[in-house]
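Here's a quick briefing to read alongside the picture. Keep the structure open and look up each spot as we get to it.

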Amino acid sequence: MHHQSAEMKQCIDNCLACYQECLSTAMSHCLEMGGEHTKPEHFRLMMACTEICRTSAHFMLIGTEHHKHTCRECAEICRECAADCERVGDMESCVDACRRCAESCEKMGA
């Protein structure tokens, strides 16, 4: 059995929280708001963010060293998603979750 550091456990929590927040925001808030919130480029980015967050958490949970690769990509996508959600507006909790996840994934991907 592999050991998870406190830093890795926090990253897993941040990834899962971002997955939940982005998915929930996209499926409720964005779909209800329409307009900029549902433009394909923005919506696809949110879906990419949810999936890479889930994947990164999964890779850390199973203890594969490949988590470093997914975490680096997760940090990049989360930063992009945070910026786009901020641009579209009215999604502060998603922006915050993405930024928290990006910060912890950058550390795990180093």
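Let's start in the loop between α3 and α4, where you'll find aspartate 90. Its phi angle is near 65 degrees, a positive value in a residue that isn't glycine. Bear in mind as you go that this is a predicted model.

**Loops between the helices**

- Glycine 89 also sits in the loop between α3 and α4. Is glycine 89 buried or exposed? With a relative accessible area of 18%, glycine 89 is buried, because anything under 20% gets that label.
- Glycine 89 and glutamate 36 are 53 residues apart in sequence, while their C-alpha atoms are 9.1 Å apart in space.
- Now hop to the loop between α2 and α3, which holds threonine 64. Threonine 64 has 19% relative accessibility, so it counts as buried.
- Threonine 64 and glutamate 106 are 42 residues apart along the chain, and 17 Å separates their C-alpha atoms.

**How α1 packs with α4**

- Helix α1 covers residues 6–33 and helix α4 covers residues 92–109. Their axes are 8 Å apart, and the two helices pack at an angle of about 150 degrees.
- Why do we call α1 roughly antiparallel to α4? Angles over 145 degrees count as roughly antiparallel, so this pair gets that description.
- The crossing of α1 and α4 is left-handed.
- On the α1 side, the contact is made by Glu7, Met8, Cys11, Asn14, Cys15, Cys18, Glu21, Cys22 and Thr25. On the α4 side, the residues taking part include Ser93, Cys94, Ala97, Cys98, Arg100 and Cys101.
- Sort the residues of this α1 and α4 contact by class and you get 11 nonpolar, four polar and four charged.

**How α1 packs with α2**

- Helix α2 runs over residues 40–62. α1 and α2 pack at an angle of about 155 degrees, with their axes 8 Å apart.
- α1 and α2 are therefore roughly antiparallel to each other.
- What is the handedness of the crossing where α1 passes α2? That crossing is left-handed.
- The contact of α1 with α2 has 21 nonpolar, four polar and one charged residues.
- Arginine 44 lies in α2. At 60% relative accessibility, arginine 44 counts as exposed, because the cut-off for that label is over 50%.
- Arginine 44 and cysteine 81 are 37 residues apart along the chain, and their C-alpha atoms are separated by 9.8 Å.

**How α1 meets α3**

- The axes of α1 and α3 come within 12 Å and cross at roughly 45 degrees. That angle makes α1 oblique to α3.
- The crossing of α1 and α3 is left-handed.
- Which residues meet here? From α1 come Met8, Cys11, Cys15, Cys18 and Cys22, and from α3 come His67, Cys71, Cys74, Cys78 and Cys81.
- By class, the contact of α1 with α3 divides into nine nonpolar residues, one polar and no charged.
- Histidine 67 belongs to helix α3, which spans residues 67–88. Histidine 67 is buried, with a relative accessible area of 4%.
- Leaving out neighbours within four places in sequence, histidine 67 is in contact with Met8, Phe59, Met60 and Met108.

- How many disulfides does the model have? The count comes to zero.
- Take cysteine 22 as an example. The closest cysteine sulfur to its own is in cysteine 94, 3.2 Å away, which is too far for a bond because the two sulfur atoms would have to be within 2.5 Å.
- Cysteine 98 is in no disulfide either, and the nearest cysteine sulfur, that of cysteine 22, is 3.5 Å away.
- Are cysteine 22 and cysteine 98 buried or exposed? Cysteine 22 is buried, with a relative accessible area of 0%, and cysteine 98, at 0% relative accessibility, counts as buried too.

Conventions. Residues numbered from 1 in each chain as written. Predicted model: local features only at pLDDT ≥ 70, side-chain atom pairs only at ≥ 80, totals over all residues. Heavy atoms only, no water. Axes fitted to C-alpha atoms, helices over the stretch in contact; angles between N-to-C directions. Helix = DSSP H or I, 4+ residues; strand = E, 2+ residues; numbered from the N terminus. Parallel < 35°, antiparallel > 145°, perpendicular 65-115°, else oblique. Left-handed = near helix turned anticlockwise from the far one by under 90°. Contact = heavy atoms within 4.5 Å. Nonpolar A, V, L, I, M, F, W, Y, C, P; charged D, E, K, R; others polar. Buried < 20%, exposed > 50% of the residue type's maximum accessible area, 1.4 Å probe, protein only.
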